[in-house]
Amino acid sequence: MRAALGLARRGLGRVAPNPAVGCVLVKDGRAVGRGWTQPGGRPHAETEALARAGEAAKGATAYVTLEPCSHHGRTPPCADALVEAGIARCVVALEDPDPRVAGHGLDRLCAAGIEVTRGVMAEQAAEVNAGYLLHRRLNRPMVTLKLATTLDGRIATRSGESRWITGALSRSRVHLMRAEHDAVMVGGGTAVADDPRLDVRLPGLENRKPLRVVLDGRLRLPLTHNLVTAARAHPTLLITRADAPKQRRHAFKEAGVEVAAVETDAEGGLSLSAILHELAARGLTRVLAEGGGMLAAGLLRADLVDRLAWFRAGKVIGGDGIPALAGFGLEELARAPTFAPDGAMRLGPDVMESYRRAV
């Protein structure tokens, strides 16, 4: 199952709205077939593993990170494929909460006389597909907030200088995170000030193109910005207000940028909840929020951050530097967003700390 989970991770950022699944077929003490969900969500992991195993699949044990599907879509049900291949046993980490599956795949296997073992490494499997599971449960993608700061939580000097707070290894790690998410999201102010490309620039992963999402209620993004000029080669979504100027919206569309309008919140800003529902409707399950301070504060205030990746450089700027988070009116410590530590990694002179939403 540990090997199957490793295979499943290969699909992160490439298979939405499907889950990232891994499958290993074992017979006589050796693996005879391996598979993982392919880009775009098809073929499924079980189909790939069975194709590689061929006749050796008969009598084998299938280790699958998520319950095999039992419904007809663009491909036949994986549960049926496993039955027809003649496997003897199926070890499954998690049941699929999709109502079209929801235990029916395992029932199909049991009805065919296949021994089924459930719940093996379930916690680890749930983490791999945290975005998919959240999408099914709350109809929104999982949000990972990335922050890169000094030790005192600053992202720039008082003059605005910010490149580079963290080092090359940290930046490479961020590119890997982008590759494993379906979308990368920034606020319009950050897009204008920092001129980010929001792409993946790692050797061998250049073909990964997470959707670039810019929140720009006032449509301040210049038409000459890279996020606009490169939009035909790298999908870009601009989210704005419903009353944004039609002529300006048309200009972005003509440049290849997709434009979507969402409702505003009580303060007149773009509703972050509505934005996440819009992204969920597009099938996205994993979103990496890269700032700036207003977006980060808004997500935290609305309790919409599920994972936190905090990159810290061994530098101190001082209180007159620009903070990573804008204020969000917190008056009681008991109401502070709380996260549980999930690990730390040294990246040259920097440290990346990982946190997850506290239960």
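## Strand β5 and E115

E115 is found in strand β5, which spans residues 115-118; helices (H or I, at least four residues) and strands (E, at least two) are DSSP runs, numbered from the N terminus. This is a predicted model, in which local features need pLDDT of at least 70 and side-chain atom pairs count only at pLDDT 80 or more, while totals for chains, interfaces and linings use all residues. Residues are numbered from 1 along each chain as its sequence is written, and side-chain values use heavy atoms, with hydrogens and water left out.

E115 counts as partly exposed because its relative accessibility is 48%; buried means under 20% relative accessible area, exposed over 50%, and partly exposed in between (1.4 Å probe, protein chains only). Leaving aside residues up to four places away in sequence, E115 touches A88, R89 and C90, where contact means heavy atoms within 4.5 Å. T61 is 54 residues from E115 in sequence, and their C-alpha atoms are 9.1 Å apart.

## The nine-stranded sheet

An open sheet of 9 strands runs in the order β11-β10-β9-β8-β12-β6-β13-β16-β15, with mixed pairing. Its edge strands, β11 (258-262) and β15 (339-347), each pair on one side only. Neighbouring strands of this sheet are turned by 20° against each other on average, direction ignored. Two strands pair if DSSP finds at least two bridges between them.

Within the sheet, β9 (residues 211-215) and β10 (residues 236-241) pair in the parallel sense over 4 bridges. V213 stands opposite L237 in β10.

## Helices across the sheet

Helix α10 (residues 246-254) lies across β10 and β11, running at about 145° to β11. Axes are lines fitted to C-alpha atoms, for helices over the stretch in contact, and angles run from 0 to 180 degrees between N-to-C directions.

Helix α11 (residues 272-281) lies across β6 (142-149), β8 (183-187), β9, β10, β11 and β12 (286-289), at about 135° to β11. The buried residues of α11 are L272, A274, I275, L276, L279 and A280.

## Charges over W36

Two arginines lie over the face of W36: R10 is at 4.4 Å from the ring centre, and R52 is at 5.4 Å from the ring centre. A charge sits over a ring if NZ of Lys or CZ of Arg is within 6 Å of the ring centre and within 35 degrees of the ring normal.
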